[in-house]
Amino acid sequence: MALKKGQDIELDIDDAAYKGKGIGKIDGLAVFVPNTTPGDRIKARILKKKKSYAEAKLLEVLEKGPYRIDPKCQHAKNCGGCSWQHVSYEHQKEFKRDQVRDHIHRIGGLTDLEVNPIIGCDLPFYYRNKMEYSIGHKRWLSQEEVNRDEYVDDRCFAVGLHAPGRFDKILNINECHLQDPISYKIMDFFRQWCVENNIAPFNRIDHKGFMRNLIIRKAYYTDDLMVNIVTYQDDQGLIEPLAEALLKEFPEITTIINNVNDTKSPTSEGRYEKIIHGPGYITDKIGDYRFNIDANAFFQTNTPQAEQLYKIVKDFAGIRDNDIIYDLYCGVGTLTIYLSDKAKKVVGIELEEVAIRNAQKNAEKNNIDNVSFVKGDMKDVFTEEISDRYGDPNCLVTDPPRAGMHPDVVERLIELKVPKIVYVSCNSSTMARDLKKLNEVYEIQDIQPVDMFPQTYHIETVAKLRLRT
Ligand SMILES: C[S@@+](CC[C@H](N)C(=O)[O-])C[C@H]1O[C@@H](n2cnc3c(N)ncnc32)[C@H](O)[C@@H]1O
């Protein structure tokens, strides 16, 4: 049967594909369908047809597969935030491990290597320490509303998450189970207050309006709770009564910030910020170290699981007293600092100026004096010059962004012949590509997936490498 765009089909889902989609086959052609799980029999509509695959949207589950459960959240079907809430957590973990194994074997060519069972999260919900809600003047319609085939007014003060792939439409939510429930309660109160007080949502098309984002950060180990209101103008006459109302309703709030982004750029980081209440930051902990987290600072979003991840990195690094460790792509230096207690010296390298400044502040706050930070693009700064300044590393940790390491950086690692390497990755496909090359010189001894983001398809993987003798 020749499939066509717009055609409705019935399909058995046989496997879980990358990015949380289910996959079934029609006449040998793979069809990818979000919100499905192996064992489901479904009705779906073809959205895209290519030579070697098709993409479809779910219309109806005709028979539920054995892994399917009812999602906790009423928005799960329409929200891009969670792609696997309809799958039991036990099976989410299995699917994630299968994905890592598939990448390591198929892309990395390391077919003899087994992948360890995934380290799951004790808290499969309410684990995020930060939620960034977007505000818009139009809401995303649910599938049911679209199917009703009648006009629905989508204009409103919408607060929630962006609809998948849309910068101008917001899925207007009133619950989200990824952060402590106080987060969506604050969001709900905030929306109601703005509507009652005629505050205009920011319109991303004509760049008019006032409210742009609401960001909530809640520390895991302390009671610190930050509300960061991102606006298009600096108008304290509007912000102050809102802050007062928030503090009256939620006395748990420890700090309120107003970030003013008066540019057209969609970023939630303001050109400047004002502290409306409290110290302007929250404090959280990883291991024995404390970190002050500003409104715009990066911090690992799942605090207890970041600690699990760092413990594995430390274990795979097998640190000795005299080790000089390089921490490539160090971000704000949390891992650099975590690794510093036993090593002689740890050198963090990172592209972003602001992250480097935060890393230095974090080291000072924790009284750590055996760490240094270098700013620059890895492919340009990770050179002999750094070795001349700090000594050749005998242990190296690398935690690149999703794209993996630049080929020049991989080449440099091959040249350097570091005795011990630990590779941390949020994208096992690019990690597998890099490991394939590194395998020429380094033996890949262990692959450990860690689930930092339950309900989503994201997965962290840690690999242990040793120089071949
Ligand atoms: C996955 S994060 C690292 C997180 C960090 N290891 C931690 O545990 O918090 C990747 C980091 O790489 C940085 N980065 C991205 N491209 C880079 C490049 N070309 N050179 C150096 N750093 C880069 C990003 O700014 C980001 O901080």
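**Strand pairing and its surroundings**

Tutor: Strands S11 and S12 (residues 272-277) are antiparallel partners, joined by 5 bridges. Strands here are DSSP runs of E with at least two residues, helices are runs of H or I with at least four, and both are numbered from the N terminus; two strands pair if DSSP finds at least two bridges between them. The model is a predicted one, in which local features need pLDDT of at least 70 and side-chain atom pairs count only at pLDDT 80 or more, while totals for chains, interfaces and linings use all residues. Residue numbers start from 1 along each chain as its sequence is written.

Within this pairing, Ile257 has Ile275 of S12 as its bridge partner. S11 (residues 255-260) also runs parallel to S10 (residues 225-231), with 6 bridges between the two. There, Asn228 is bridged to Ile257 of S11. Between S10 and S11 the chain passes through helix H4 (residues 236-249), giving a right-handed β-α-β crossover, that is, the path from the first strand over the helix to the second runs clockwise when the strands point away from the viewer.

Another sheet is open and mixed, with 7 strands ordered S17-S16-S15-S18-S19-S21-S20. On average, neighbouring strands are turned by 15 degrees against each other, direction ignored; the axes are lines fitted to C-alpha atoms, and angles run from 0 to 180 degrees between N-to-C directions. Inside this order, S15 (residues 324-328) and S16 (residues 345-350) are parallel and share 5 bridges, with Asp327 bridged to Gly348 in S16.

At the level of the whole chain, the assignment gives domain 1 (8-68), domain 2 (94-123 + 300-467) and domain 3 (130-286), with bounds from an automatic or database domain assignment. The centres of domain 2 and domain 3, taken over C-alpha atoms, are 34 Å apart. Their contact involves 9 residues of domain 2 and 6 residues of domain 3, where contact requires C-beta atoms, placed from the backbone, within 7 Å. On the domain 2 side, helices H5 (303-317) and H6 (334-338) each supply at least two residues, and H5 gives the largest share, 5 residues.

Methods. Two residues are in contact if their C-beta atoms, placed from the backbone, lie within 7 Å.
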